[in-house]
Amino acid sequence: MVGRNHSKKRQMILDTIKSTDTHPSAKWVYEQLKEEIPNLSFGTVYRNIALFKEEGLVVTVTNLDGEERIDGNTSQHAHFVCKECKQVYDIFPTQLSAPKECPLEGFETEHRVLTYFGKCSACNNSKKFTGGGIKMAWVCKICGYTHEGEEAPEKCPICKAPAEKFEKEGE
């Protein structure tokens with residue numbers, strides 16, 4: 001980390017962000033580390049994320065429900081944000097057809113950010129109604145993943161949070 005004092009906390013925060021492709025929020029990072037670093041504050045996580053953005057170590061993808069979602073992968077790629085389940089998906093250059101340069105004459109592109117918003121294939125294909133009843137929807141309080149079923153999943157497939165971190169949708 002350029003120009004900053006190296007600290008174990010700072011490195012652990014960055015490592016946590018870079019070790020996941022969930023495009024976490026500061027809250028998610030804090031939840032992942034608070035047991036391992038008992039004296040960690042949410043403010044420390046938030047301030048370090050701001051520093052990492054300044055240094056180009058992470059980038060902001062979007063803001064979902066008031067929480068900034070960040071990406072530790074700073075290579076050039078786009079994102080898809082599902083407005084239903086709140087998941088953020090990477091789209092790599094080989095999957096893109098958008099122009100790399102600005103199509104306006106005389107403009108020079110320094111950086112390009114492309115984010116699609118909509119409904120992912122899982123949400124597009126999910127059916128809330130089965131038989132004559134309605135399935136229960138469970139939302140992970142850590143990352144926002146939505147699971148449909150009679151019970152909360154054993155653990156979140158996105159952030160690996162245990163079942164007790166899920167709540168019934170709408171509660």
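User: In strand β8 (residues 137-140), which residues point one way and which the other, and are they buried or exposed?

Analyst: In this predicted model, Ala137 and Val139 point one way from strand β8, while Trp138 and Cys140 point the other way, and all are buried.

User: Why is Cys140 called buried?

Analyst: Buried means under 20% relative accessible area; Cys140 has 2% relative accessibility, and therefore counts as buried.

User: What makes β8 and β9 a hairpin, and how do the strands run?

Analyst: The strands β8 and β9 run antiparallel and are joined by 3 bridges, and the hairpin they form has 5 residues between them. Two strands pair if there are at least two bridges between them, so the 3 bridges here are enough for β8 and β9 to count as paired. Ala137 stands opposite Glu148 in β9, and in the turn Gly144 has a positive phi of about 90 degrees.

User: Which other strand pairs with β8, and in what sense?

Analyst: Strand β10 pairs with β8 in the antiparallel sense, over 3 bridges, and the bridge partner of Val139 in β10 is Glu167.

User: Where is Lys165 found, and why is Lys165 called partly exposed?

Analyst: Lys165 lies in the loop between β9 (146-148) and β10 (166-168). Partly exposed covers what lies between the 20% limit for buried and the 50% limit for exposed, and because Lys165 has 28% relative accessibility, Lys165 counts as partly exposed. Leaving aside neighbours within four places in sequence, Lys165 is in contact with Glu31, Val139, Cys140, Lys141 and Ile142.

User: How do you know that Cys82 is in no disulfide?

Analyst: A search of the whole structure finds 0 disulfides. For Cys82, the nearest cysteine sulfur is that of Cys85, 3.6 Å away, whereas a disulfide needs a pair of cysteine sulfur atoms within 2.5 Å. Cys82 is also buried, because its relative accessibility is 0%.

User: Which residue stands opposite Cys82, and how do β3 and β5 pair?

Analyst: Opposite Cys82 stands Gly118 in β5, and strand β3 (residues 78-82) pairs with β5 in the parallel sense over 4 bridges.

User: Why are β4 and β5 said to stand at the edges of their sheet?

Analyst: The open sheet has 3 strands in the order β4-β3-β5, with mixed pairing. Strands β4 (88-91) and β5 (115-118) each have a single partner strand, so one side of each is left without a neighbour in the sheet. Neighbouring strands of this sheet are turned by 20 degrees against each other on average, direction ignored.

User: Why is α1 called roughly perpendicular to α3?

Analyst: Helix α1 (residues 8-18) and helix α3 (residues 42-54) pack at an angle of about 70 degrees, with their axes 10 Å apart. Angles of 65 to 115 degrees count as roughly perpendicular, and therefore α1 is roughly perpendicular to α3.

User: Which residues meet where α1 and α3 are in contact, and how do they divide into nonpolar, polar and charged?

Analyst: From α1, Arg10, Ile13, Leu14 and Ile17 meet Thr44, Val45, Asn48, Ile49, Leu51 and Phe52 in α3, and the residues of this contact divide into 7 nonpolar, 2 polar and 1 charged.

User: Which residues of α1 are buried, and what covers them?

Analyst: The buried residues of α1 are Arg10, Met12, Ile13, Leu14, Thr16 and Ile17, and what covers them includes α2 (26-33), α3 and β2 (67-71).

Methods: Residues numbered from 1 in each chain as written. Predicted model: local features only at pLDDT ≥ 70, side-chain atom pairs only at ≥ 80, totals over all residues. Heavy atoms only, no water. Buried < 20%, exposed > 50% of the residue type's maximum accessible area, 1.4 Å probe, protein only. Axes fitted to C-alpha atoms, helices over the stretch in contact; angles between N-to-C directions. Parallel < 35°, antiparallel > 145°, perpendicular 65-115°, else oblique. Contact = heavy atoms within 4.5 Å. Nonpolar A, V, L, I, M, F, W, Y, C, P; charged D, E, K, R; others polar.
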